[in-house]
Amino acid sequence: MRAVILIGGMGTRLRPFTLATPKPLLPVLNRPFLEYQFQVLSRHGVREVVLCTSYRAETFRRVFGNGRRLGLRISYARERIPLGTGGAIKNAESLLRGTTLVLNGDVLNAFDPGAFLKFHRARRAEISIALTRVKDPTQYGLVLTDEKGMVRRFLEKPSWDEVVTNAINAGAYLFEPSVFAHIPPGKPYSVERGLFPERLAAGARIAGYVAPGYWIDIGSVEAYLQVHLDLLQGRAPFKPGPRARALKNADDARVTTGAGTKIAPFARFSGSVSLGASVRIGRGAQLSDCVVLDGAFIGDGARLERCVVGPGARVGTHTVLGPGTALAGGSSVGDYSQL
Ligand code: GTP
């Protein structure tokens, strides 16, 4: 089975970090985020991968090349204009064969593609959609299924009084080759808002598979921070980057650092903290549940809580960064500031 991964989005909700780096390449514990999803594919024997690129397309080829380093065979389908999730898949059609696994590139899903395929075949579905259950479904696309696992209705970002299920579209699909004929070529088109409801209305067999295991969509700054906390606390079964080192003597905190990071005396950590490579942490700084990306500088006595500091950013002496702060790469916050 081949996999196609959608990685062409602009990641507007994850700005400022996605201004320089596309979302699937943002580092997570010193590894590009997409490599975690590659781990799932390799683990289950899926080695042929097509990447659908648009926004900052050239950077993906530079990082992953033909995939040999990762034990994969990677090819690329580049869009001249962003074609949306459906148009991107159509654009890759000539590179695909047989039943195809489609994945969103901003999701980490510890599911088993083999079990998903078995479910799909048993229901003789044209399309199967992996589902996951969430506490607050109002930010997502809801998928209502019957007792046999066949999709009966879609609901995009419902209000609380419309919530009829907590099963949401998990951003992983199986497509039979016959599906491609229903996607218009060369123009923007969405699978979620176009293809799925249209095929359902036309009477096509669409199945919904509740995938067990860890799932996260890193589309927002909060979720990008959360995936770090989950990996550090062992809630997600993935290997961090080879140069991520657990810090000894970090009180009760879980801290990883990249190469060349220096921590001054009396710095204190709590919760889970991810430090990139060549980071400087000042004397007496206090960091709790946060992410500091490569080359950032944290001044003496600064206090950081539930925030993300971009690459090369500078946080002044005794500055306080509160929950939800997203400091852009290369920016600077003066001494004694409070954000
Ligand atoms: P936001 O701008 O923050 O909504 O993020 P996004 O641009 O990534 O959009 P969204 O989260 O809805 O996209 C879901 C997945 O589809 C992501 O993995 C995107 O990279 C991908 N995607 C979205 N639009 C396109 C597109 O036009 N082309 C390709 N190739 N992929 C896309």
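Ala, Val, Leu, Ile, Met, Phe, Trp, Tyr, Cys and Pro are counted here as nonpolar, Asp, Glu, Lys and Arg as charged, and the others, Gly among them, as polar. The structure is a predicted model.

**Ligand site**

By these classes, the shell around the ligand holds seven nonpolar, eight polar and four charged residues. The ligand is surrounded by 19 residues, and the closest are Leu6, Thr12, Arg13, Glu79 and Gly84. Helix 4, residues 84-91, contributes the most to this shell, with three residues.

| Residue (polar backbone atom) | Ligand atom | Distance |
|---|---|---|
| Gly8 | nitrogen | 2.9 Å |
| Gly105 | oxygen | 2.9 Å |

On its own the ligand has 620 Å² of accessible area, and the protein covers 82% of this.

How many of the nine residues of strand 9 are buried? Nine of the nine residues in this strand (residues 167-175) are buried, so strand 9 is largely enclosed by the rest of the structure. Buried here means under 20% relative accessible area.

Strand 9 pairs with strand 4 (residues 100-104) in the antiparallel sense, through four bridges. Strand 6 (residues 127-133) also runs antiparallel to strand 9, and six bridges join the two. Tyr173 of strand 9 takes part in both pairings: Val102 stands opposite Tyr173, and Ile129 also stands opposite Tyr173. In a regular strand, side chains alternate between the two faces of the sheet.

Note on methods. Residues numbered from 1 in each chain as written. Predicted model: local features only at pLDDT ≥ 70, side-chain atom pairs only at ≥ 80, totals over all residues. Heavy atoms only, no water. Near = heavy atom within 4 Å. Polar contact = N/O pair within 3.5 Å; in protein donor to acceptor, adjacent residues only side chain to side chain. Areas by Shrake-Rupley, 256 points an atom, 1.4 Å probe, with all protein chains shown as cover. Buried < 20%, exposed > 50% of the residue type's maximum accessible area, 1.4 Å probe, protein only. Pairing = 2+ DSSP bridges.
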